[in-house]
Amino acid sequence: MRLVLALFAIAAAATAASAGTVPPELAVIGEPSTVLNVTYSVGLSEFSFKPAISSKQPVFAKDAPQPHLHDLGLSRANRYLLLMVDPDWNKTSPPSVIVHTVVANLTTNVNSTSKANVITTYVAPQPMSGTHNYTLFLFNQPSNFSIPVRYASFMETTDQTQLNRLNLPLENFINQTGLGTPVAANYFRVTASNGTSTATATTASTVASSTSSGAAIKMVASYYLAGALTLVRAAVIVV
């Protein structure tokens with residue numbers, strides 16, 4: 001595990017390019033100048049990433065991401081919402097995405113693992129083909145935020161709703177929930193190879209420190225989307 005982290009660090013130093021905070025296919029949503037500080041647990045350590053370098057091992061994305069808001073210069077009075085999506089399973093314009101997690105009521109000074117914050121439980125990346133830019137947006141959360149009824153099914157995770165995470169019309173969702181433009185963002189890449197996934201982490205640093213603030217997201221250890229994507233890759237839901 002230490003070797004994996006060391007390799008990430010070497011790659012980061014070698015490719016410290018000025019990448020944007022979102023991939024080109026999601027620039028229409030907004031590209032904030034602030035890089036969202038997110039870590040993934042890797043054994044007893046944590047892996048921190050910024051856009052954009054490459055790696056060959058997706059070990060860092062198996063557990064749910066932990067956003068750290070205390071060092072981003074955000075208002076302590078506001079609440080924030082984390083949205084993680086995959087825009088590349090079925091590239092469309094405007095983007096229709098897979099929802100990987102939605103977490104509400106984040107603050108700059110609360111480290112919360114409460115399920116009450118998790119609107120949409122985490123599903124780890126497992127693309128069936130191609131390269132996918134897994135993107136994490138942070139929004140100011142409106143005081144009256146709620147999920148409109150028409151989008152409620154996209155937030156579900158059950159054996160009976162395997163396809164419901166697919167094709168969220170992202171721009172419409174953001175507009176109708178009043179989220180506005182993101183205040184911070186980050187992303188990483190995972191490339192499928194011969195039916196298995198290899199990671200392309202958009203990363204600039206590794207850390208091995210305990211989480212002091214932010215919010216840990218409850219993980220659902222499920223790759224149920226993989227089979228669904230095979231069946232409906234070419235489908236587009238018109239909303």
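Biologist: Tyr151 and Phe173: buried or exposed?

Modeller: Tyr151 is buried, and Phe173 is too. Keep in mind that this is a predicted model.

Biologist: Fine. What does the protein have in the way of helices and strands?

Modeller: There are three helices and ten strands. Going from the N terminus, the elements read α-β-β-β-β-β-β-β-β-α-β-β-α. Of the 239 residues, 50% count as buried. The accessible surface is about 10600 Å², and carbon and sulfur atoms account for 52% of that.

Biologist: How many aromatic pairs are there?

Modeller: Five in the structure. Tyr40 and Phe188 form one of them, with 5.7 Å centre to centre and 85 degrees between the planes.

Biologist: What makes the pair of Tyr40 and Phe188 edge-to-face?

Modeller: Two steps. Ring centres have to lie within 6.5 Å to count as a pair, and here the distance is 5.7 Å.

Biologist: Which residues do ring pairs link into a cluster?

Modeller: Tyr40, Tyr134 and Phe188.

Biologist: Which residues have the most contacts inside the largest nonpolar core?

Modeller: Leu36, Tyr40, Leu69, Leu136, Leu138 and Phe188, in a core of 24 residues. Strand 1 (38-42), strand 4 (80-86), strand 5 (96-106), strand 7 (131-140) and strand 9 each give two or more residues to this core. There is also a second, separate core of 22 residues, with Val22, Val97, Val99 and Met155 among them.

Biologist: How do you know that strand 1 and strand 3 pair?

Modeller: Pairing takes at least two bridges. Two bridges join strand 1 to strand 3, so they meet the cut-off, and the two run antiparallel. At one of these positions, Val38 has Pro67 of strand 3 as its bridge partner. Strand 1 and strand 2 are linked by four bridges, also in the antiparallel sense, and Tyr40 stands opposite Phe47 of strand 2.

Biologist: What order do the strands of that open sheet have?

Modeller: The order is 2-1-3, with antiparallel pairing.

Biologist: Why are strand 2 and strand 3 said to stand at the edges?

Modeller: Strand 2 (45-48) and strand 3 (66-67) each have a single partner strand, so one side of each lacks a neighbour in the sheet. Even so placed, Ser45, Glu46, Phe47 and Ser48 are all buried. Ser45 and Phe47 point one way from strand 2, and Glu46 and Ser48 the other way.

Biologist: What lies in the turn of the hairpin formed by strand 1 and strand 2?

Modeller: Two residues separate the strands, and Gly43 in the turn has a positive phi of about 65 degrees.

Biologist: Why is strand 9 called largely enclosed?

Modeller: Because seven of its ten residues are buried. Strand 9 pairs with strand 7 in the antiparallel sense over eight bridges, and Asn186 in strand 9 is the bridge partner of Leu136.

Biologist: Why is Val183 called partly exposed?

Modeller: Buried means under 20% and exposed means over 50%. Val183 has a relative accessible area of 21%, so it falls in between. Val183 is in the loop between helix 2 (170-177) and strand 9 (184-193). The residues Val183 touches include Pro32, Leu74, Tyr80 and Phe139. Tyr80 is 103 residues away along the chain, with 9.2 Å between the C-alpha atoms.

Biologist: And how do you know that Thr120 is buried?

Modeller: Its relative accessible area is 0%, which is under 20%, so Thr120 counts as buried. Thr120 is in strand 6 (residues 118-120) and touches Val99, Phe154, Met155 and Arg165, among others.

Note on methods. Residues are numbered from 1 along each chain as its sequence is written. This is a predicted model: local features need pLDDT of at least 70, side-chain atom pairs count only at pLDDT 80 or more; totals for chains, interfaces and linings use all residues. Side-chain values use heavy atoms; hydrogens and water are left out. Buried means under 20% relative accessible area, exposed over 50%, partly exposed in between (1.4 Å probe, protein chains only). Contact means heavy atoms within 4.5 Å. A nonpolar core is a set of buried Ala, Val, Leu, Ile, Met, Phe, Trp, Tyr and Cys residues joined through side-chain atoms within 4.5 Å. Rings of Phe, Tyr and Trp (its six-membered ring) pair if their centres lie within 6.5 Å; planes under 30 degrees apart count as stacked, over 60 as edge-to-face and the rest as tilted. Accessible areas come from the Shrake-Rupley method with a 1.4 Å probe; for residues, only the protein chains shown count as cover. Lists of a residue's contacts leave out its neighbours within four places in sequence.
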